[in-house]
Amino acid sequence: MAINLAGCDTLWQAVFLDGFSTAALKVTVLDRDDLTFLADFLGHEDLYRFLPELDNPDQARNWLSRAFGKRAYLFFRVETRQNLEPVGFMVFNQKADGSLVLGGAIRTDCRGKGFASEILIGLCHFLEERTFPHAVHADVLRANVPVIKALEKAGFNEIPARSSGDTVRFSLVPGGKTP
C-alpha cells in the first residue's frame, strides 16, 4: 500500500499508519487505490442519513473528494481478518485544538453483528497502548441508537454541553478525564 508519508506531518497520523486489529477485524489506512470502495460505500443511499450535514448520496461523494488527501483527515478500511471482506470504514478529522473527530459506518448487511463495538473497543485499546495524548470525539445522530450504545460500551462519555438538536457529542479522553 502506498501511503503518502508527506501528508503525515503530525504525530497523530503517524500513530495510525500501521492500523490495528481486533479478534475479528482488521483496520488499515486507506490509499488512493481504495477510493472506489469508499466512494461506492459513501454513496450507498442508506448511509448518508447517518452522517451529519449530508442530505443525499451526491453530497457524500463530494465530501469524500474534498476530504481525502487533506492533512487533517485520515481514512481507514475495516475488513474481516478471516477473509478480508470489507465491513465498513472509519475516518479521523483533526481539529485545531489537536482533538480528533471520529466518523465512519458499517455496511448494511454487516450491522447488528457487534462490529461497531469491536472496532471502538479495539480503537480504545490501541490508543491506550500508545498513550495517545488527544481527545477523540464522535458526533452521532440521536436516532442512531446502536452507535450510541457501541460508543458507551467502548468507554466514550456523552458531553451534554456539546450536544445539540439531533446530534449527541461523545468523547474519549486519555486517562479517563472528562473533557
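Me: Is aspartate 139 buried, partly exposed or exposed, and what is its relative accessibility?

Reply: Buried means under 20% relative accessible area and exposed means over 50%, with partly exposed in between. In this predicted model, aspartate 139 has 29% relative accessibility, so it counts as partly exposed.

Me: Which side chain does aspartate 139 meet in a salt bridge?

Reply: The criterion is a side-chain nitrogen of Lys or Arg within 4 Å of a carboxyl oxygen of Asp or Glu. Here the partner of aspartate 139 is arginine 169, at 2.5 Å from N to O. The two residues sit in distant parts of the chain, 30 residues apart: aspartate 139 in strand β6 (residues 136-141) and arginine 169 in strand β8 (residues 167-172). Arginine 169 is buried, at 10% relative accessibility.

Me: How many salt bridges does the structure hold?

Reply: There are five. One of them pairs arginine 107 with glutamate 85, with 2.9 Å between the closest N and O atoms. Arginine 107 belongs to the loop between β5 (100-106) and α4 (115-129), and glutamate 85 to the loop between β3 (73-80) and β4 (86-94), so this pair ties together parts 22 residues apart in sequence.

Me: Where do arginine 130 and glutamate 129 fall in relative accessible area?

Reply: Arginine 130 is partly exposed, at 37%, and glutamate 129 is exposed, at 62%. Their side chains form a salt bridge with an N to O distance of 3.2 Å.

Conventions: Residues are numbered from 1 along each chain as its sequence is written. This is a predicted model: local features need pLDDT of at least 70, side-chain atom pairs count only at pLDDT 80 or more; totals for chains, interfaces and linings use all residues. Side-chain values use heavy atoms; hydrogens and water are left out. Helices (H or I, at least four residues) and strands (E, at least two) are DSSP runs, numbered from the N terminus. Buried means under 20% relative accessible area, exposed over 50%, partly exposed in between (1.4 Å probe, protein chains only).
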